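I am opening a notebook on this structure. I will look at one strand, then a pocket, then a sheet.

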Amino acid sequence: SAGAAAARQVPRRARPLQRTRPSSGWKLLKQLPLLQLPQPVLPTVLVQPIDEPVTLVDCGSGSTRALFFTDDGLSHVSWEKSDWRGDPLAVALGDDLKLESLLRLLENELPKTGRVLLGATAGVRQAMQDGALAHEQLDLFQDRLDGIFGRRARFMVLSGEEEARAEWEALQHALDFAPDLRQDLFHGMLSGGGMSCQLAWRGNGPSPELFSFRNGVLQPGGLADKASQQKIFGAELQQELATVQFLTEQLVSDLPQAMKGNFALVEWLGLYVAGESTDRDLVMGLGYNKWLTHQQVSEAVAQHLAQLHKEHFSGVAQPICRRSAISWVYGIILQNMLKVCFDPNAEFYCLKGINWSTGHYLMHKESIEEKPKQMMLQTS
């Protein structure tokens, strides 16, 4: 392929190490802002020396978990995921008992020293946009964190653009240490999680344009939510899929079109294209760490969707399971993006281990290292 050929023909350059848019489902998506979200006022934070351990708490759409970072400053940062998961923050903030349980979990399981960075993404972001969460609830959560961790904890709700930026920075960091890849081989990145997708498009400039949009995959009241109750099939399933298709077409029309070049597929979207199916995930299995043509990915997703349609609309109608519902929604999103957003000659490369958490950590670390290595006050 063109991308792989370029990787073989151009030697890796030596360079300095870089320190591196509802509760009612899809119907309101076009009425909501994609990227902007007012941020809660954050307190003054006492920043520890950079040799202190850093723990990042990912308050995601599906769960809350921790990543424990290791960073010697010379090699690719590494992290270990917690073997525990708590309720999604957007859910816990609406239930006093679940909130207390989540706070106790964090208090008991997180390190007693070092900085704690807590980041919430599309689950909380969209609950706020829908009016299901208020800023006062986030302020209360911050106060409770202060009571447990003191000034060493910092909580943020990332905007869609900030989430895209963090994922892009994580990709750039990974490419610095990839033996057969370089940053300049990639013109953009596409990612996907439980509630949103992010797109970075560098085009002809050095800095990428950043986009974020709702994908509705784990949306309360959405297809996957209904499928988890095993009560959607037949004509109702057809209607749900038609709604997903219609609103995906509207969302995609607001994104860049016919983008050329090479693109990294990361997060759950990368898993969807490259990974092997499990009891939890129904995916396409095209493989990681190799160049895939636009045609290869397009044909695979068309076959995947055709198989899902055959299984659920041939013979006796059976309720769709959550695993299949998630896979179907993601397939519709990917198929529409391939048709509209990417040039037929674009190529794709799926990478593991790229996530917003790593990028958020790297950007936070960089801001500290530009200052004297001593205890200091930082106001956000």
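**Notebook: strand, pocket, sheet**

β2 runs antiparallel to strand β3 (residues 64-70), and 5 bridges join them. I kept in mind that this is a predicted model.

Next I checked how the chain gets from β2 to β3. A hairpin of 4 residues makes the link. I also looked up one bridge: Val57 has Ala66 in β3 as its partner.

Then I asked which strand pairs with β2 in the parallel sense. That is β5 (residues 115-120), and the pairing runs over 6 bridges. In this pair, Asp58 has Gly119 of β5 as its bridge partner.

I looked up burial for β2, residues 54-59. The strand is mostly covered, with 6 of its 6 residues buried. Here, buried means under 20% relative accessible area.

I then sorted the residues by direction. Val54, Leu56 and Asp58 point one way from β2. Thr55, Val57 and Cys59 point the other way. Both sets are buried. In a regular strand, side chains alternate between the two faces of the sheet.

**The largest pocket**

I moved on to the pocket. Its volume is about 1100 Å³. I found 42 residues in the lining, and the closest to the centre are Arg65, Gly193, Glu267, Trp268 and Arg280.

Which elements give two or more residues to the lining? I noted β3, β4 (78-81), β7 (188-192) and β8 (196-201) among the strands. The helices are α6 (160-176), α9 (267-274), α11 (322-340) and α12 (356-369). The largest share, 5 residues, comes from α11.

I sorted the lining by class as well. I recorded 15 nonpolar, 15 polar and 12 charged residues.

β7 and β8 pair in the antiparallel sense over 5 bridges. Gly188 stands opposite Trp201 in β8.

Key:
Residues are numbered from 1 along each chain as its sequence is written. This is a predicted model: local features need pLDDT of at least 70, side-chain atom pairs count only at pLDDT 80 or more; totals for chains, interfaces and linings use all residues. Side-chain values use heavy atoms; hydrogens and water are left out. Buried means under 20% relative accessible area, exposed over 50%, partly exposed in between (1.4 Å probe, protein chains only). Two strands pair if DSSP finds at least two bridges between them. On a 1 Å grid over the protein atoms alone, a cavity is a set of points where a 1.4 Å probe fits but cannot get out, and a pocket is an open set with protein on both sides within 12 Å along at least five of seven lines; lining residues have an atom within 4 Å of a point. Grid points are joined across faces, edges and corners, and a volume is the space filled by probe spheres set on the points. Ala, Val, Leu, Ile, Met, Phe, Trp, Tyr, Cys and Pro count as nonpolar, Asp, Glu, Lys and Arg as charged, and the others, Gly among them, as polar.
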